[in-house]
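Ready for a few exercises on how helices pack together? Have a look at the model below, then try each task before reading its solution.

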Amino acid sequence: MDGLSFDLIALQLFAGLALGAIYVLFAIGLSLIFGMLTVVNFAHGAFYMVGAYVGVYILMLGGNFWICLIGVPLAVGLLGLVVERFLIRPLYGRGIDYPLLLTFGLSYVMVELVRIAFGKTGIPFDTPEILQGAVNIGVGYFPLYRLFVIGAAAVVLLALWLFLEKTSFGLIIRAGARDPQIVRVLGVNVAQVWLIVFGIGTAIAGFAGLLAAPLQGVIPEMGGTILAEAFVVTVVGGMGSIGGAVLAGLLVGVVVSMTSLFAPEMGKVSIFALMAIVLIVRPQGFFGRAGLMS
């Protein structure tokens with residue numbers, strides 16, 4: 001403890017925010033889909049993984065990281081549209097278990113297909129040259145790419161907020177999350193809204209996978225670990241709450257980072273300890289409604 005300086009703690013805090021930014025991007029997709037469709041998407045981690053591999057494929061074709069930033073969410077979002085339209089939509093109205101089981105099985109199929117296409121071993125994903133190195137943030141030097149991850153997450157969150165709060169379609173999404181039946185009565189094509197929401201959620205997951213690739217490499221199983229951690233984020237933030245997912249994602253990232261500084265072996269355990277504490281104090285999570293999973 002005596003050897004820990006304020007600067008070191010501050011740098012670790014920024015590292016936690018960078019990790020939290022990945023959690024936030026992943027979890028808001030989960031929350032958006034659950035809040036609107038009431039679908040617990042167990043394939044969300046697979047979409048995250050596919051995002052990283054789509055980035056790898058674009059680079060193999062001669063593209064660059066900046067093309068990946070546009071191409072990955074478009075490709076993964078399109079895949080999400082196909083999955084919702086032809087696999088999940090026929091299961092609406094049959095209970096929450098059916099889409100859950102389908103997406104659970106789908107995640108395994110997607111992982112196996114990626115293993116067949118790219119192999120079972122990991123693939124390194126180099127940090128873009130312009131984002132390599134570190135910059136002085138006042139308390140020490142911090143990796144430039146991690147700052148970029150924080151900034152990219154902030155831009156996505158701002159764009160999503162503007163879309164949901166300032167557009168007519170965003171108003172329909174928010175109204176549909178509260179009462180889909182009323183939206184139907186008003187003549188809105190709810191099926192189309194759900195399709196777009198699922199596409200947006202999966203596109204954000206793919207974008208998160210791309211951002212995480214230079215930090216952890218690319219392997220077929222990379223979506224499994226973050227899926228478990230992101231469910232903790234959504235539970236802590238409140239099921240279906242986007243604001244809760246943002247707050248909880250950043251908090252979880254900081255808790256993991258700070259715990260790893262003082263007790264490295266307890267880093268991952270701290271996620272579940274935090275969830276237990278929050279659920280004891282506030283069972284519905286930060287922004288969840290008591291008695292409702294929405």
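**Exercise 1.** Find the handedness of the crossing between helix 1 and helix 10, and describe the geometry of their axes.

*Solution.* Keep in mind that this is a predicted model. Step one: two packed helices are described by the angle between their axes and the distance between the axes. Step two: the axes of helix 1 (residues 6–37) and helix 10 (residues 242–262) come within 6 Å and cross at roughly 145 degrees. Step three: helix 1 passes helix 10 in a right-handed crossing. The contact of helix 1 with helix 10 has 21 nonpolar, seven polar and no charged residues.

**Exercise 2.** Check whether the length of helix 9 (residues 222–237) agrees with its number of residues.

*Solution.* Helix 9 has 16 residues, and at 1.5 Å a residue these should span 22 Å. Now look at the ends: the end C-alpha atoms of helix 9 are 23 Å apart, which agrees. Just after helix 9, G238 takes a positive phi of about 110 degrees.

**Exercise 3.** How many of the 16 residues of helix 9 are buried, and what do they pack against?

*Solution.* Start with the count: twelve of the 16 residues are buried, so helix 9 is mostly covered. Among them are L227, E229 and F231. Next come the partners: the buried residues of helix 9 pack against helix 1, helix 2, helix 8 (190–216), helix 10 and helix 11 (269–281).

**Exercise 4.** Decide whether H44 is buried or exposed.

*Solution.* First locate H44, in helix 2 (residues 44–60). Buried means under 20% relative accessible area. H44 has 0%, so H44 is buried. Its contacts include F26, T202 and L227.

Definitions and conventions:
Residues numbered from 1 in each chain as written. Predicted model: local features only at pLDDT ≥ 70, side-chain atom pairs only at ≥ 80, totals over all residues. Heavy atoms only, no water. Helix = DSSP H or I, 4+ residues; strand = E, 2+ residues; numbered from the N terminus. Buried < 20%, exposed > 50% of the residue type's maximum accessible area, 1.4 Å probe, protein only. Contact = heavy atoms within 4.5 Å. Axes fitted to C-alpha atoms, helices over the stretch in contact; angles between N-to-C directions. Left-handed = near helix turned anticlockwise from the far one by under 90°. Nonpolar A, V, L, I, M, F, W, Y, C, P; charged D, E, K, R; others polar. Expected span 1.5 Å × (residues − 1). Lists of a residue's contacts leave out its neighbours within four places in sequence.
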